[in-house]
Amino acid sequence: MIGNYYIQTYGCQMNVHESEKLAGILSSRGFSSCDDVSDADIIILNTCCVRETAETKVYGHLGRIKSKKKKGAVLIVCGCMTQRRDVAASLAKRCKFVDIIIGTFNQYLLGEYIDAFMHTGERIVEVWDSERDDGKARPIARTSGVNAWVNIMYGCNNFCSYCIVPYVRGRERCRPVDDIISDVRDLLESGYKQVTLLGQNVNSYNHDGVDFVGLLKLLELDEKYRLKFMTSHPKDFSLALAERIADSSVLAHSLHLPVQAGNDRVLAEMNRRYTSAEYLKKIDAVRELVPDIGLSSDVMVGFPTETEDDFEDTIRLVERVHYNNLFMFIYSRRSGTPADLMPQLDYRTKQQRIDRLIKAQFEISKSLAADCVGKSYEVLVSEKKNGRCFGKTETDAAVSFVSEDFDVGDFVKVKVTAAKNANLMGEVE
Ligand code: SAH
Ligand code: SF4
Ligand code: F3S
């Protein structure tokens, strides 16, 4: 079958990678990707439901796509949002122009669903409660430049009280070590310079007795490449992992360790299973072993029952750690989660808190960027535009520099010469 597909992705890296798998299914069937939804024969919205804003976006886009899509185009909604049966049902009712609605567990059968729809012309709404064909090899149409994503596990067992992910992605499943290693080898052979291992909680990886640190050791391959991973849950982050980062010749010196909040009562209500002191101890340990480590985190404000003092604890923690990069969210109610049943804060309070947090972090990012001036880093170039190279340091800071000699995929020694807010500029050493 010949035609074009258009995929819109919402949500996390996990979903971005899922979209690469959906694209792989379509390209193996002869479809090519296109950038304009009005050219597409197959339109896919791969959705997220981690916050209400993600869902609102999907409904907004659906309205626009309805008027832009060409006659006969097949419109598919899949992913985390439609994995929720109630959402799939209400979407089916509200948006009669959507042809196929499937969830996360059955989206690997995308090709079969499209065939069935083409054959019968009858719309399909099908959601499964669990995966029936875990780890099945699928073609992947990668879109991420020098970086390639590799799942090491799926799902999550943690049930943080605010979070919908375990309900839409199922329980934790780890991929076999050999599959992961052979994926990474193949990717390096085909020219990728960076691999990012994906899992909701990579620190609890375990397959046939090989734990996450063991897996990382096995990925110390001879080739020159950069290895990253996300996400680490602080409760499972070990000293052994910090040592691995310090000793490794391939691991980036960066760590995403989402803290969520700085107050111990709130952390307990969130079911995070660590205290702020335990968290800070781990941060100090990794900083001691890897002094140049680039640290990032997720923080939420306005969790149910969060007081002004509780929020002050979050600000204090953020100022104490000095994150290079911080992802800040307003708590969003998710039905079916325990936090949805707790007393909620008003919108204004949440908005004021996020504004204050954003301001505090802006100053931190600015001062950390200024500290980089005069220092040298190894930059992996991921983009080149009009003679200017853009890339990331081993500590995960974004740097740009002008060069005739280097191009996408090169590792370049760069000296940072200026910082403009959080943006670094440099020159080749
Ligand atoms: N598994 C990862 C991240 C999953 S979701 C982890 O545990 O860190 C990414 C981020 O979205 C979370 O870290 C959290 O900060 C945020 N998030 C999750 N549920 C949310 C909710 N209901 N409202 C607002 N932010 C939420
Ligand atoms: Fe959600 Fe917590 Fe699992 Fe992360 S660890 S996906 S925040 S339940
Ligand atoms: Fe990711 Fe959103 Fe699903 S954050 S796992 S796409 S709910």
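## Around Thr-231

Thr-231 sits in the loop that runs between S13 and helix H9 (239–247). What is the form of the peptide bond from Met-230 to Thr-231? In this predicted model, that bond is cis, with omega near 10 degrees.

## Two residues with positive phi

The backbone has other spots worth a visit. Asp-208 is not a glycine, yet its phi is positive, at about 50 degrees. You will find Asp-208 in the loop between strand S11 (206–207) and strand S12 (210–211). Is Asp-208 buried or exposed? Its relative accessibility is 75%, so Asp-208 counts as exposed.

Asn-386 also has a positive phi, about 45 degrees, although it is not a glycine. Asn-386 is exposed, and its relative accessible area is 84%.

## The chain as a whole

Stepping back, the secondary structure of the chain comes to 13 helices and 21 strands. The C-alpha atoms fill a box of roughly 65 × 55 × 45 Å, taken along the principal axes.

How does the radius of gyration of the chain fit a compact globule? For 429 residues, a compact globule would have a radius of gyration near 22 Å, and the chain has 22 Å, so the two agree. Buried residues account for 52% of the 429 residues in the chain.

## A patch of negative charge

On the surface, Asp-186, Glu-189, Asp-222 and Glu-223 gather in a patch of negative charge. One of these, Asp-222, belongs to the loop between helix H8 (212–218) and strand S13 (226–230). Asp-222 has a relative accessible area of 83%, so it is exposed; the cut-off for that word is over 50%.

## Salt bridges

How many salt bridges does a search of the whole structure find? The search finds 24. One of them joins the side chains of Arg-85 and Asp-129, at 3.1 Å from N to O. Arg-85 lies in helix H4 (residues 85–94), while Asp-129 is in the loop between strand S6 (124–126) and strand S7 (147–151), so this pair ties together parts that are 44 residues apart in sequence. Arg-85 counts as partly exposed at 46% relative accessibility, whereas Asp-129 is exposed, with a relative accessible area of 62%.

Another salt bridge links Asp-313 with Arg-316, and their closest N and O atoms are 2.8 Å apart. Both residues lie in helix H12 (residues 308–321), three residues apart, which is about one turn of the helix. Asp-313 is partly exposed, with a relative accessible area of 21%, and Arg-316 counts as exposed at 51% relative accessibility. Both values can be read against the cut-offs: buried is under 20% and exposed is over 50%, with partly exposed in between.

Arg-333 counts as partly exposed, at 44% relative accessibility. Asp-340, with 15% relative accessibility, counts as buried. Elsewhere, salt bridges that share partners join Glu-18, Lys-21 and Arg-169 into one network.

Gln-344 lies in the loop between strand S16 (325–330) and helix H13 (347–372). At 25% relative accessibility, Gln-344 counts as partly exposed.

Where does Asp-39 lie? It is in the loop between strand S2 (31–33) and strand S3 (42–47). Asp-39 has a relative accessibility of 40% and counts as partly exposed. Asp-39 and Leu-251 are 212 residues apart in sequence and 41 Å apart in space, C-alpha to C-alpha.

Notes
Residues are numbered from 1 along each chain as its sequence is written. Chains are lettered from A and ligands numbered from 1 in the order in which they are written. This is a predicted model: local features need pLDDT of at least 70, side-chain atom pairs count only at pLDDT 80 or more; totals for chains, interfaces and linings use all residues. Side-chain values use heavy atoms; hydrogens and water are left out. Patches are made of residues with over 30% relative accessible area and no salt bridge: like charges are joined within 9 Å, nonpolar side chains (Val, Leu, Ile, Met, Phe, Trp, Tyr) within 5 Å. Accessible areas come from the Shrake-Rupley method with a 1.4 Å probe; for residues, only the protein chains shown count as cover. A salt bridge is a side-chain nitrogen of Lys or Arg within 4 Å of a carboxyl oxygen of Asp or Glu. Lys and Arg count as positive and Asp and Glu as negative; His and the chain ends are not counted. The place of a charge is taken as NZ of Lys, CZ of Arg, CG of Asp or CD of Glu. Helices (H or I, at least four residues) and strands (E, at least two) are DSSP runs, numbered from the N terminus. Buried means under 20% relative accessible area, exposed over 50%, partly exposed in between (1.4 Å probe, protein chains only). The radius of gyration is taken over C-alpha atoms; the globule rule is 2.2 Å times the number of residues to the power 0.38.
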